[in-house]
Structure formats: C-alpha cells, structure tokens
Amino acid sequence: MIRPVLAEDALAEVEGMTTTLARIFADAGFTAIQPAHLFPAETLLDLYGEDVRARAFLFPDPALGGELCLRPDFTVPVALSHGARGWDRPGAYTYQGPVFRRQEVGTIRPIEYMQAGIEDFGAPDRAATDARVYALINRGLEAIGAPAYRATIGDLGVIFGLLDAIGLSAHRHARLRRHLWRPQRFQQVLEQYAAPPAPPSPQRAGLIAAVAEGRVAELAAEAGEIVGRRTLSEVMVRAKRLAETAEDPPIAAEQAELIEAVLSISGPAPGVPARLRALAEAGGVALAAPITLFEARLDAMEQAGIDVAGLTFDAAFGRNLEYYDGFVFEIVAQGGPDLPPLAGGGRYDAITARLGATGLVPAVGAMIRPEAVREARR
C-alpha cells in the first residue's frame with residue numbers, strides 16, 4: 001500500500017514530534033546528521049538480515065554497474081558517515097527522515113515512514129551507554145505523548161558467549177553463529193550436530209578419501225568439465241572442509257540442551273542473571289562476562305530512572321535483526337497490537353569492522369517512529 005499523504009493537521013503533528021525529538025537529542029549531546037537516501041546495495045544488504053533484505057527497494061545503476069538501495073533504516077548509513085569522519089574517534093549523532101521498506105500485499109503498514117533516532121560510536125562503557133540510549137528513547141516517547149507501552153529487551157551477547165564457551169569446532173561455531181538470525185535453520189543445524197553422524201554417500205566418501213590422498217584435482221579432472229560457478233580451487237576448499245567436519249563427534253546432548261535452555265529464557269529482566277548463572281553452572285560453562293555486562297546494564301538503567309522490573313527479557317528476541325550483536329530492545333503500544341513498534345534499537349559493534357574499522361568499535365543506537373506514536377495516541 002502506498003503511503004497516504006498525511007492531512008495538514010496530521011503532518012503538523014508529526015513535524016511537531018520530530019522537532020521535539022531533535023531538541024531532546026541535541027540537548028543530550030548528539031550532533032544532527034542527514035545521510036543520503038540512496039546507497040550501493042551491496043554495502044547495505046550484506047549487513048541486514050533476510051527480513052530487511054527481502055523488503056529493500058533496489059534500483060539498477062548502469063554507471064556503477066550494480067544496484068542502489070533506498071535506505072531501509074538509518075543505522076548503517078549513519079555508521080558509514082561516522083567511519084568517513086574517522087573510526088578512531090567517538091561520535092554521537094541524531095537524525096530524522098523517511099526510510100523505505102516493502103510491505104506484504106494487503107497490509108496497511110506504509111512503505112515509507114519517518115524515523116527519528118540516535119547513534120553512538122566509541123563510548124567504552126557499553127553498559128552505561130546502552131542504558132543512556134534506552135533512557136533517552138523513553139524520554140523522547142514521553143515528550144511526544146506516547147500512550148502506555150511495554151518494552152521487550154534481549155541480549156545476543158549471551159548466546160554468542162555461550163557458543164564461545166562450550167568448545168565447538170571452528171566450523172560448527174561459525175555455522176551456528178551464522179544461522180542464529182534464522183531460528184528455524186539454527187534449530188535444524190543444532191539437531192544435526194547433536195545426532196550421530198549419518199554415513200556419507202558413496203560420492204561424498206570418495207571425495208573425503210581423495211582429500212586424504214591429495215588427489216582432489218585428479219578426481220575433478222576424471223569427472224569432466226566443471227559445470228556451474230564454482231572454480232576448482234573453491235571445490236578443493238569445500239572438499240577439505242567436508243573432510244574436516246566428517247571427523248567431528250556429535251555435540252553432547254547436554255550442550256545442545258543448554259543452548260536450547262538459554263534461548264528459551266523469558267520473563268522479568270531482574271531475574272535473568274540468576275537463571276543464566278544457574279544454567280551455566282549446571283552445564284559447566286563460563287558465562288561470567290556476558291552475565292556481568294547484563295547486570296551492569298540493568299544497574300545503569302535503574303540509575304537512569306528506568307523501572308527495570310517492568311522490562312520483559314526474551315533471549316530469542318532480536319534474531320531477525322542481523323546487524324545487532326548485543327543489547328536489543330523494542331517498545332510497543334499496549335493498546336495497539338496491530339501497530340508497528342513505537343521504538344527500538346540495540347548494539348552493533350561487529351559491523352563497524354565490516355565497514356572498515358581496524359577493530360570492533362562500540363556502537364549502539366535506537367529510533368522512534370513518530371507516525372506510529374500518532375496512530376497509538378489515536
């Protein structure tokens with residue numbers, strides 16, 4: 001559905017909200033920035049999850065020999081702007097403007113809508129910065145008259161820490177981490193690793209034997225001309241990986257159950273650290289670092305005036321947002337189950353290295369949707 005033109009009074013209402021938010025964010029020390037609307041698609045889409053990638057608007061660009069993408073949000077565009085100014089120095093930015101996402105046929109959600117938000121780069125105290133960003137978003141929602149809302153938080157750093165701690169092979173660790181944002185596929189892979197390995201097919205057994213004997217190239221030559229896009233060198237790398245993983249024993253049932261138990265945790269946020277510690281102790285794994293960070297974040301939130309007892313934690317939350325890798329949150333109106341979220345955000349340190357930083361730069365941000373707030377108020 002094409003976004004309807006807002007009536008004059010509605011437009012004035014939304015503009016009044018964005019003006020209020022701009023003032024609040026600027027007073028908090030965030031510098032106004034206005035990224036471009038169009039970016040090379042390859043740069044953006046490699047960093048977004050499947051959900052956003054499938055909903056992006058793409059346009060051919062004969063001059064560049066590729067495609068351009070209308071920004072589906074502000075996080076990556078603002079990160080690119082900060083990187084151009086220098087990853088080695090801190091930066092805090094505020095923005096407002098339209099973003100663009102395809103919607104399902106028949107939906108009433110707009111394909112173009114406003115976001116007003118903040119992004120913070122380089123602040124070393126992650127817990128304090130997470131809490132500051134969350135508190136500022138709450139302050140913004142209150143200032144523009146958002147109705148009663150509820151918040152869900154998550155922490156992808158917990159499951160990443162667990163995968164690091166249980167001693168998986170490098171290949172299995174990488175594959176599970178890669179599929180974390182695809183819960184159904186993640187579960188299938190986990191079950192595959194926990195099951196006794198199936199005997200390889202004759203063709204795969206022959207390939208594994210060829211790796212051990214150093215005759216993969218000879219085997220490929222005997223098979224005839226290569227069909228498809230893979231080169232011989234890529235086939236050899238793949239064959240070596242198959243041979244290596246064929247020797248991996250099944251994941252212990254206790255480890256698979258521990259992963260599933262951690263991902264199933266949900267409930268009031270203050271009780272989560274104790275539940276995580278109990279699971280880690282029972283499973284014999286070290287999760288002290290992510291649990292300590294979680295506790296420090298809750299303490300910082302409480303000091304910032306947030307009612308942490310009213311926060312709901314869901315360990316599986318954030319698994320459709322592929323660039324996040326730590327604290328995540330979403331705020332929705334209590335009386336509007338069909339409305340889009342009023343606000344949301346999270347931490348995304350890892351993508352800074354993929355965008356050109358020499359190492360992981362602390363990065364966290366969040367946004368408010370003024371039009372969704374307006375609809376919720378009505």
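1. Contact here means heavy atoms within 4.5 Å. By that criterion, the cover over the buried residues of helix H12 includes helix H6 (156-165), helix H8 (183-194) and helix H13 (272-283). Helices (H or I, at least four residues) and strands (E, at least two) are DSSP runs, numbered from the N terminus.

2. This is a predicted model, in which local features need pLDDT of at least 70 and side-chain atom pairs count only at pLDDT 80 or more, while totals for chains, interfaces and linings use all residues. Residues are numbered from 1 along each chain as its sequence is written, and side-chain values use heavy atoms, with hydrogens and water left out.

3. In H12 (residues 253-263), the buried residues (under 20% relative accessible area; exposed is over 50%, partly exposed in between; 1.4 Å probe, protein chains only) are Ala-256, Leu-258, Ile-259, Val-262 and Leu-263. They lie on the same side of H12 because they cover an arc of only 160° around the axis, taken from the directions from the helix axis to the C-beta atoms. Exposed Glu-254 and Glu-257 sit on the face turned away from the buried side.

4. There are 12 salt bridges in the structure, each a side-chain nitrogen of Lys or Arg within 4 Å of a carboxyl oxygen of Asp or Glu. One of them joins Glu-13 and Arg-374 (3.1 Å, N to O). Glu-13 is in helix H1 (residues 8-27) and Arg-374 in helix H16 (residues 370-377), 361 residues apart. Arg-374 counts as buried, at 11% relative accessibility.

5. Arg-277 and Glu-295 also form a salt bridge, with the closest N and O atoms 2.8 Å apart. Arg-277 belongs to helix H13 and Glu-295 to helix H14 (residues 288-303).
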